[in-house]
Amino acid sequence: ILLGMSMIVVLVLISYLFGRKIAKPLAMLNKATEKIGKGDFEYRIDERRKDEFGALARSFNSMVGKLQETTTSVALLENEIRHRKQIEAVLRESEEKHRTILETIEDGYFEVDLGGNFTFFNDSLCKIFGYSKDELMGMNNRQYTDENIAKKLYQTFNKVYTTGKPDKSFHWPVIRKDGTKRTVDASVSLRRDTEGEPVGFRGIVSDISEKQRLESQLQQSQKMEAVGTLAGGIAHDFNNLLAV
C-alpha cells in the first residue's frame with residue numbers, strides 16, 4: 001500500500017512538473033502563435049524564465065520584433081507605391097489634357113534645347129513650317145531661316161536665357177520646306193528642370209502672313225484713295241482757275 005501511494009505521489013509530482021515546465025509554456029507559445037497569426041505583432045511571451053523555455057521565449061519575441069519591423073516596412077512601401085501611382089495617374093491625366101489642348105489649337109507650340117534644336121512640338125507647328133514631324137524633330141533654327149534672322153533669333157533667345165524673362169512677341173520670317181516664306185509672331189520663355197536649372201526654351205508661334213498681306217492691301221488701298229482724293233482736289237482747283 002505504501003509503495004502504491006508513493007507511486008501516486010510521484011505521478012502527481014511528475015504531472016505537476018510537466019504542466020509547470022512543459023505544458024504551460026507550450027500553451028503560452030501556442031497562444032502567442034495564434035496572436036501573431038491574427039496580426040497582433042505587439043504581443044510578447046513572458047521571457048523571465050531561466051530555463052530552455054525562457055531562451056525560446058526570448059528568441060520568439062526577437063523573431064516577432066523583426067517580423068513587426070519587416071511588416072511595417074512593407075506597409076510603408078505599399079503606401080509609398082500607392083502614393084506614387086496616384087501621382088502618376090494625376091500626371092497622366094494632366095499630360096493628356098495638355099496634349100489635347102496642344103493638338104487642337106491652331107497656333108504652333110514648340111520646345112527646343114539650349115542649342116535651339118526642336119525637342120517637342122505640335123502638329124500646327126509642322127503645318128506652319130511645312131515639314132513632317134520626323135523632319136522637324138531635332139532641326140535647328142539655322143535650317144529654316146537665313147543667316148541674319150538666325151543671328152537675331154540667337155540674340156532674342158540669349159536675352160531670355162540671361163534675364164530669365166520671357167519675350168512675349170517678336171516677328172521673324174520662316175523658310176518652309178518648299179522654299180516659300182511665312183512670317184510668324186512668336187513668344188518664348190525659359191524651360192527649367194526640377195532643380196531650377198535652364199534646359200531649353202518653349203513658346204507659341206502664330207502664322208501672321210495672311211494678316212500682314214491684308215494690312216498691306218489696306219494700306220495700299222488707303223494710299224490710292226488718298227492719291228485719288230488729292231488728284232480730284234487738284235483737278236477741281238485747276239478747273240476753277242480756267243473758269244476765271
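This is a predicted model: local features need pLDDT of at least 70, side-chain atom pairs count only at pLDDT 80 or more; totals for chains, interfaces and linings use all residues.
1. Strands β4 and β5 run antiparallel to each other and are paired over nine bridges. To find your place there, look for Ala186, which sits opposite Val205 in β5. The two strands make a hairpin with five residues between them, and Gly196 in the turn has a positive phi of about 85°.

2. Now move to the other neighbour of β5. Strand β1 is joined to β5 by six bridges, again antiparallel. Here Glu111 is the residue standing opposite Arg202 in β5. Strand β1, residues 108–113, also pairs with β2 in the antiparallel sense, over three bridges. In that pairing, Val112 faces Phe118 of β2.

3. Put together, this is an open sheet of five strands, in the order β2-β1-β5-β4-β3, with antiparallel pairing. Which strands stand at the edges? They are β2 (118–121) and β3 (167–175); each has a single partner strand, so one side of each is left without a neighbour in the sheet. On average, neighbouring strands of this sheet are turned by 30° against each other, direction ignored.

4. Next, have a look at helix α5, residues 147–163. This helix lies across β1, β3, β4 (181–192) and β5 (198–207), and it runs at about 155° to β3.

5. The aromatic residues deserve a point of their own. How many aromatic pairs are there? The count comes to ten. Take Phe118 and Tyr144: their ring centres are 5.7 Å apart and their planes are at 20°, so this pair is stacked, the cut-off being under 30 degrees. The pair links distant parts of the chain, with Phe118 in strand β2 and Tyr144 in the loop between α4 (133–136) and α5, 26 residues apart. Are these two buried or exposed? Both Phe118 and Tyr144 are buried.

6. Compare that with Phe129 and Trp172. Their ring centres lie 6.4 Å apart with the planes at 65°, so the pair counts as edge-to-face, for which the angle has to be over 60 degrees. This one also links distant parts of the chain: Phe129 belongs to helix α3 (residues 123–129) and Trp172 to strand β3, 43 residues apart. Phe129 is buried, and Trp172 is too.

7. One last thing to pick out on screen: both pairs belong to one aromatic cluster, formed by Phe110, Phe118, Phe121, Phe129, Tyr144, Phe170 and Trp172.

Definitions and conventions:
Residues are numbered from 1 along each chain as its sequence is written. Side-chain values use heavy atoms; hydrogens and water are left out. Two strands pair if DSSP finds at least two bridges between them. Helices (H or I, at least four residues) and strands (E, at least two) are DSSP runs, numbered from the N terminus. Axes are lines fitted to C-alpha atoms, for helices over the stretch in contact, and angles run from 0 to 180 degrees between N-to-C directions. Contact means heavy atoms within 4.5 Å. Rings of Phe, Tyr and Trp (its six-membered ring) pair if their centres lie within 6.5 Å; planes under 30 degrees apart count as stacked, over 60 as edge-to-face and the rest as tilted. Buried means under 20% relative accessible area, exposed over 50%, partly exposed in between (1.4 Å probe, protein chains only).
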